[in-house]
Amino acid sequence: MRLQTFGKNCQMINIPTNSLLRRVLLALATAVVIVWFYPHQRSSQYIYEQGRPWNYSQLIAPFDIPIHPDSLTVQAIRDTLTESFVPIYTINTNVIDTIIKELPKGHNSARLGKMLRRYYEQGVVESGVLGQIREGKLPRVRLLEKNILSEQSTAVFTSPRDIYHRLDSAITDPDLRRYFISANLHSLLQPNVLYSEVDSKRHFDNEFQTLTADRGVILQGQAIINKGDIISPQDFTNLQTYEQLLAAHLNRQSQSNLLTALGQFLYVAILLALLMLYCALLVPAIYHDFRALCFIYSLITIFVLFAILMNTFLPGGVYIVPMAIVPILVLVFFDGRTALFVATTSVILIAPITSFVLEFIYLQVCAIAVAVYSLRELSRRSQLLRTAAVVALAYMLGYLSLELLMNGSLNGWTWRMPAFLGANALLVSMAYILMFAVERLFGFVSSVTLVELSDTNQPLLRKLSDSCPGTFQHSMSVSNLASDAARAMGANESLVRAGALYHDIGKMNNPAFFTENQRGVNPHDALPPEQSARIVISHVADGLRAADKAGLPSVIKDFISEHHGAGMAKYFYFKAAKNMPEGQKPDPALYTYPGPNPRSRETSLLMMADAVEAASRSLSDYSRESITALVDKIINTQITDGLHDNSTLEFRDVRLIKDAFIKRLLTIYHTRIAYPEAPKNL
């Protein structure tokens, strides 16, 4: 008997032979994938965020650092300058001369030209510009003429259209009016004051650069920022300038990425190796099952990559990643201790990409711990909603404690982080969907599924109850007996209970050939022993076919195939031996179950409970001594016959199983008080 256990909430897993090389390659492949998507380029080792404390020691300038204005100041200067900037226009003095030259010849051309010059001397702009002037949006402009810039009011400006209308109203002389109409003046008039986009942009940029010039210098040896200081916008700008200059001074770009990737690979590989070591030392069942290792390493990889993706495209998005799902999925298929270790490993792998490493680790560890605690007895999927609420509360309390610890007040409290953490907790309820996907993809069975399978309203169990009531009652008794023992020895109680309920479903094909379903008539009396043995033994194969048809998981089918192991139908074997001539023996193969023998503590436990429960019905004396003798005889005989050699039972388990069986049988068959008959006078 060998030791193998996943713990309380795990399923039975058979140990295949896996080479060490395959496990090493799995860990290396996981490390390569994670490191491939890790952010590699970073100008310094510091991670910081504006408005949060500087978590490192005092930073001293290794060289002179110019003090550029911070982004808020720069934006304020730009906004102010944009609002107060006086645009630049140019004057084209040749426009009026060109217009006069194109006037029709005649003695009135001089009179009309003189009137036009008065308007153009004041300034003529486009109609759209004149509209802005009249709305008060352009009270002044700067005029650029012969490289001389002068500022003046726009109140005297007019437009070609206004000039035409004014002349049309002002000219009353008939001769001049006829000339004005014939001159087709509306097609000749053009603005002589034009907006200069190039000059305006050049002067705007010059003024902006002057206003945003460096505010000074942080001299070499001066402090850039002190530990614990809240990072102001100016500090943030100084730190960014420091990083840019540091990259330029050290010229690290040629080797930085390679060395960073090497460091990341070592970091990830060491953590994954520690996880593999943990499995080898503390949960060997997981270590020896390559399928289980693939699930754990795939789970870690998926959540690390998801965190990198969220952090890349959404600032602070890593806090939305529902890390509490990791321990939940591990817990429902394995055990709480492994769930904590796997989840913590995932958190530490993600931590380097976050802005505040310790804050991230602290919040996630709080959520992971309460998730594992709240689901330590997971039996209903609705419990996940309760877990999501508990995780949300843990996040909020953790964030509140960090704010008070780092800032000493709630002045820096923002609802952005609680909103992220709340969305995180809400996503924890998605564990239900992922649990279903993992069961289908990896063939695992969660404790929730086992509880659902144990419901006697399941179609297969209802059919067993209707067609084989005796077998159904036997299965219920075996389930109770085995569950007590599983609880005492620390085996998977939910798995044992479900396996016990389904272990004899093959008897539905021939219910009358099994003692518990007979009512005075035994059809075996009319059959030869080998045929009777064949019918009885076939209930194992019939049960496996029924399980396949009903879609039962493989761990339940193991109970069907292993509850008799490679044992012998001794009743019919002995009966056949009595009928044979002296010196001859029946062929043992005709009376032997196909097996295999139990390969886990749970199936071994069921084999013992099945035999003990059936034999206990034939006892005539239900004293402690007789029950103890029965239990010892049956279990010791099975062990002597080698039926449990491939099991993971320990000697301590055998003692606990016997004690649990005896206690349960004494409770079932306790002596009852005989009720007296009613007196005749009543």
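At what angle do the axes of helix α4 and helix α7 cross? The axes of α4 (residues 109–122) and α7 (residues 174–182) cross at roughly 75° and come within 10 Å; an axis here is a line fitted to C-alpha atoms, for helices over the stretch in contact, and angles run from 0 to 180 degrees between N-to-C directions. That makes α4 roughly perpendicular to α7, a word kept for angles of 65 to 115 degrees, while under 35 counts as roughly parallel, over 145 as roughly antiparallel and the rest as oblique.

Before I go on, please keep in mind that this is a predicted model, in which local features need pLDDT of at least 70, side-chain atom pairs count only at pLDDT 80 or more, and totals for chains, interfaces and linings use all residues. Residues are numbered from 1 along each chain as its sequence is written, and side-chain values use heavy atoms, with hydrogens and water left out.

Helices (H or I, at least four residues) and strands (E, at least two) are DSSP runs, numbered from the N terminus. Contact means heavy atoms within 4.5 Å.

On the α20 side the contact is made by L461, L464, S465, D466 and S467, and on the α21 side by P469, T471, F472 and S475.

Now the sheet. Four strands form an open sheet in the order β5-β4-β3-β6, with mixed pairing, where two strands pair if DSSP finds at least two bridges between them. At the edges stand β5 (148–153) and β6 (193–195), each with a single partner strand, so one side of each is left without a neighbour in the sheet. From one strand to the next the twist averages 35°. Strand β3 (residues 88–91) pairs with β6 in the antiparallel sense over three bridges, and Y89 has Y195 in β6 as its bridge partner.

Finally, the cysteines. How many disulfides does a search of the whole structure find? The search finds zero, a disulfide being a pair of cysteine sulfur atoms within 2.5 Å. For C279, the closest cysteine sulfur is in C294 and lies 12 Å away, which is too far for a bond. C279 is buried, with a relative accessible area of 0%, and C468 is likewise buried at 0%; buried means under 20%, exposed over 50% and partly exposed in between (1.4 Å probe, protein chains only).
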